Amino acid sequence: MRTAGEAHAPGSPTYDDGVTISPGAGGETGRSPHGRHLAVHPVQHPDGETSTEPAELTELPEPPEPPEPTETRLLRRLLGDATLRLGTTRTDRLWGWLGPALVTVLAALARFPNLGRPHKLVFDETYYVKQAYTLLRVGYEARWGTDPNPAFEAGDVDTYLSRADYVVHPPVGKWMIALGMEVTGPTSSVGWRLSAAVVGTLSVFMLARIARRLFASTLLGTIAGGLLAVDGEAIVHSRTGLLDAFVMFFALAAFGALLIDREQARRRLAHLVAGRLDSGGALTGWGPGLSIRWWQVVAGVLLGLAIGTKWSGLYFLAVFGLLTVAWDVSARRAVGVRQWLPAGILRDGVPAALTLVPLAAVTYLASWFSWFRSPGAYLRDWAATHPGEGVAWLPESLRSLWKYHGDMWEFHNNLATAHSYAAHPLGWPVQWRPTSFFYETPVPANAACGSDRCSQAITALGNPILWWGATVAIVAVVWWLVRTRDWRAGAALSGIVAGWLPWFAYAHRTIFTFYSIAFLPWMVLTLTYAIGKVLGNASDAPARRRRGVRWVAGYLTLVLVVSAFFYPVWTAQVVPYWFWRLHMWFSTWV
């Protein structure tokens, strides 16, 4: 039945169910407003006219959907729908950069103000800052006389001796510190810490972008960056001239490079396999090769720089190398390669090893450039004065360096000097025995803090709410990894495996909780993975999602409040003694 205001072509009847039929010769079909396909046929009337009427209202099947392109199907299998949707809208692309940028600004505000406070060499700055300065001046770490720190702090920075010092860490981290001193001059305590502040701030931006890619979520990426921005260990290491923040920075950058490599390699694999299948070929043998992978090259260089800062970077090389091979094996299995295990190991794993390991080794060796060119460097002429000793087939310079490394290994493996802040690695994730970098009682007290007793402290203590939550998250994420074999869980845990577990083999020697800064980003990633689970999925019931948002918002607010509370004892602010004591929740923290 046609309603008022409707019109249609002459000879195109409208029926009671709203079907409009266009006339034509032979059998035709019409579509109702509801999308039904109806069969119609021409009808001959007694007056000789012909019209098209539905001889029988018969629903015809919907036309089949066009088949999904092979490459799209493979990409969905290899990367997942969430990753493929990431950055496809203008809003998501905008917040993909703006969110990380905002938490990076927050990180800078926590790290740079009063960076030179205190104007004293703090904890192991007594080694690394002065060693960095002599690297600038003479090309090697020179020795200093008795009690050189007061003069150095007062601006008399040239009291070093002409003899080389025996140092037990490679030079990259000290060269990084030296770069900051070049900017401000060696007499500025800001310069001693400038490079650490820069890489500590950049690490927040990197982690936010890495987490966004890992979890295919701009929100989770921003949360991860924000957590690193306000953590106490991250803030303290960004404000002191030590080496461990540089290990963290280079290892995190290498992890990000391998994460990009994973996605690019899978996109290339999907393209090559789809091309072969669509052309009628078969996916035989090991599947297609992926040629050179430039992000693996970048990762190899970055891991070499991590090792060139501290030897603990070696464990990140080992774990990340195994991780990328596992990713490649699973990719070949996912696209249907029959011999996926040998293909992943031999076609992808061997080239990865031949990329990562040699590049890391060459980068590490190159980091000793100033030692090679400095005749006065420690043990530089050992081979010349000890003919026939050591590794005889090596050139003299490398034989001397090998001897030096043997001495370094002996030192690291047998260091057993008692220290009041030594800590077993079992307690590191819960910050059981944090390291005090600096503590003074300023006088006169009334003038310093308006109380009868004052404290000025730098305590390398992570935000306890963050670290305790991350420790619980480790257990949960391991369970999710075993239960679901979610690659994201394994990736989040990988840095903890590399940065924490190896220290159990060295528990007999003197080690400290502040070493845990090296794997802090992966503690944050593990916690962020758990936060994503609490938030839930888009398919969850709205009430479930609202509960998740409330729990996460409450937890993040608590983390932020606790960071604000502890900030004075992370940044050497002068406070009343009673205020400092409020922060020492356990006797092991004092």
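This is a predicted model: local features need pLDDT of at least 70, side-chain atom pairs count only at pLDDT 80 or more; totals for chains, interfaces and linings use all residues.
Conventions. I took local features only at pLDDT of at least 70 and side-chain atom pairs only at pLDDT 80 or more, while totals for chains, interfaces and linings use all residues. I numbered residues from 1 along each chain as its sequence is written, and side-chain values use heavy atoms, with hydrogens and water left out.

Entry 1, helix pair. I looked up α12 (residues 313-334) and α13 (residues 340-366), whose axes come within 8 Å and cross at roughly 150°. Helices here are DSSP runs of H or I with at least four residues, numbered from the N terminus. Axes are lines fitted to C-alpha atoms over the stretch in contact, with angles from 0 to 180 degrees between N-to-C directions. The crossing therefore makes α12 roughly antiparallel to α13 (over 145 degrees).

I then listed the contacts (heavy atoms within 4.5 Å): among them, Leu317, Val325 and Arg333 in α12 belong to the set that meets residues of α13 including Trp340, Ile345 and Leu356. By class, this contact has 10 nonpolar, 4 polar and 5 charged residues. Nonpolar means Ala, Val, Leu, Ile, Met, Phe, Trp, Tyr, Cys and Pro; charged means Asp, Glu, Lys and Arg; the others, Gly among them, are polar.

On a 1 Å grid over the protein atoms alone, I took a cavity as a set of points where a 1.4 Å probe fits but cannot get out; lining residues have an atom within 4 Å of a point. I found 6 cavities of 30 Å³ or more. The largest cavity holds about 90 Å³, a volume being the space filled by probe spheres set on the points. Its lining includes Asp244, Tyr315 and Trp503, and divides into 8 nonpolar, 2 polar and 2 charged residues.

How values were computed. Helices (H or I, at least four residues) and strands (E, at least two) are DSSP runs, numbered from the N terminus. Angles under 35 degrees count as roughly parallel, over 145 as roughly antiparallel, 65 to 115 as roughly perpendicular and the rest as oblique. On a 1 Å grid over the protein atoms alone, a cavity is a set of points where a 1.4 Å probe fits but cannot get out, and a pocket is an open set with protein on both sides within 12 Å along at least five of seven lines; lining residues have an atom within 4 Å of a point.
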